[in-house]
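Trainee: Hi! Could you walk me through this protein? I'm still new to reading structures.

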Amino acid sequence: MGVKKILKKIIPEKVKFNIRLLLNRIKYRNLIKTTQNHYKEVIENLKKRKNRPLRFAAYVVFDSTFGADNLIELIQKDSSINFKIVVIPDTSRGRIHMLNQYKSTKDFFINKYGMENVVDGYDVENEIFNDVSDSFDIIYFANPYDSMVHNFHGIEYNASKNTLPVYIPYAFQPDKYCRSIISQKNMALCWKIFSDTEYSMNEYKKYSLNHGKNVILSGYTKMDTLKEYFQNISSNKRKQIILAPHHTITYNELPLSNFLRLKDYILNL
């Protein structure tokens with residue numbers, strides 16, 4: 001067995017993670033710095049524009065990951081901002097899934113915001129991925145995984161364009177496995193990231209490639225909608241418990257779900 005294989009076996013995962021983190025901070029330092037300076041130029045150019053609305057887009061793969069309902073409500077009331085929902089396909093799970101999910105997400109947002117506010121990130125008939133990045137000034141990404149989508153629809157690609165990419169986490173980030181997202185290169189290339197809690201804010205400071213310099217503590221945006229929902233429930237109504245096991249029920253590499261361990265207890269309840 002070679003030395004590399006031996007070291008790989010005996011070095012703890014935490015140590016290997018920290019070594020990769022350090023190496024990536026060195027490797028991408030200039031790219032991150034150049035990108036953040038580029039955003040300053042983009043902002044200055046936006047300031048020079050007169051009598052033109054700000055063009056805002058949300059790039060969305062799954063409607064369930066969308067975390068900007070209240071933001072869109074505010075934008076709809078502001079004549080100085082135009083918004084579009086750009087539906088982008090999931091290219092990581094085969095063509096049948098890609099087409100089915102694309103149609104499902106597109107239908108959801110057409111029903112919610114109207115066909116005139118939904119843009120195709122994919123031409124189904126001609127099988128062409130659409131690059132619409134030049135049409136927008138700010139792009140909100142609901143998906144942090146560039147490997148899941150076409151290059152045109154990833155954060156890193158759009159970071160090189162004349163736009164400001166932002167990321168709102170699609171779920172709470174309460175566990176160590178979120179560090180694999182936080183430490184991604186594309187997270188450090190975002191113009192802004194909106195953190196859900198002080199805990200995750202500290203995680204960005206520790207584990208992002210730029211020490212969380214582009215992160216803002218905003219709270220978890222999806223809770224805004226839930227708060228409104230629960231406020232409308234009468235206090236004398238029976239409580240509702242939502243059981244929502246994580247999809248990694250049988251995925252040992254990412255053991256986030258405790259459903260199998262708790263299933264009998266839940267059944268007894």
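Mentor: Happy to! One term to begin with: a residue is called buried under 20% relative accessible area, exposed over 50%, and partly exposed in between. Keep in mind that this is a predicted model.

Trainee: Okay, let me try that out. Is Asp107 buried, partly exposed or exposed?
Mentor: Asp107 has a relative accessible area of 31%, so it counts as partly exposed.

Trainee: And which side chain does Asp107 meet in a salt bridge?
Mentor: That would be Lys103, with 2.9 Å from N to O. Both residues lie in helix H5, four residues apart, which is about one turn of the helix. Lys103 counts as exposed because its relative accessibility is 53%.

Trainee: Why would those two pair up at all?
Mentor: Side chains of opposite charge can pair when their charged atoms come close.

Trainee: What about Glu203, which partner does it have?
Mentor: Glu203 meets Arg179 in a salt bridge, at 2.6 Å from N to O. Glu203 lies in helix H9 and Arg179 in helix H7, so the pair ties together parts that are 24 residues apart in sequence.

Trainee: Is Glu203 buried or exposed?
Mentor: Buried, because its relative accessible area is 4%.

Trainee: New topic: which residues form the nonpolar patch on the surface?
Mentor: Phe172, Met223, Leu226, Tyr229 and Phe230 form it, with about 470 Å² of accessible area together. Phe230 lies in helix H10, residues 222–231, and counts as partly exposed because its relative accessibility is 46%.

Trainee: Last one! How many helices and strands does the chain have?
Mentor: There are 11 helices and nine strands. Of the 269 residues, 36% are buried. The chain also carries 40 positive and 27 negative side chains, and the centres of the two sets lie 9 Å apart.

Methods: Residues numbered from 1 in each chain as written. Predicted model: local features only at pLDDT ≥ 70, side-chain atom pairs only at ≥ 80, totals over all residues. Heavy atoms only, no water. Helix = DSSP H or I, 4+ residues; strand = E, 2+ residues; numbered from the N terminus. Buried < 20%, exposed > 50% of the residue type's maximum accessible area, 1.4 Å probe, protein only. Lys, Arg positive; Asp, Glu negative; His and termini not counted. Charge placed at Lys NZ, Arg CZ, Asp CG, Glu CD. Patch = residues over 30% accessible without salt bridge, like charges linked within 9 Å, V, L, I, M, F, W, Y side chains within 5 Å. Areas by Shrake-Rupley, 256 points an atom, 1.4 Å probe, with all protein chains shown as cover. Salt bridge = Lys/Arg side-chain N within 4 Å of Asp/Glu carboxyl O.
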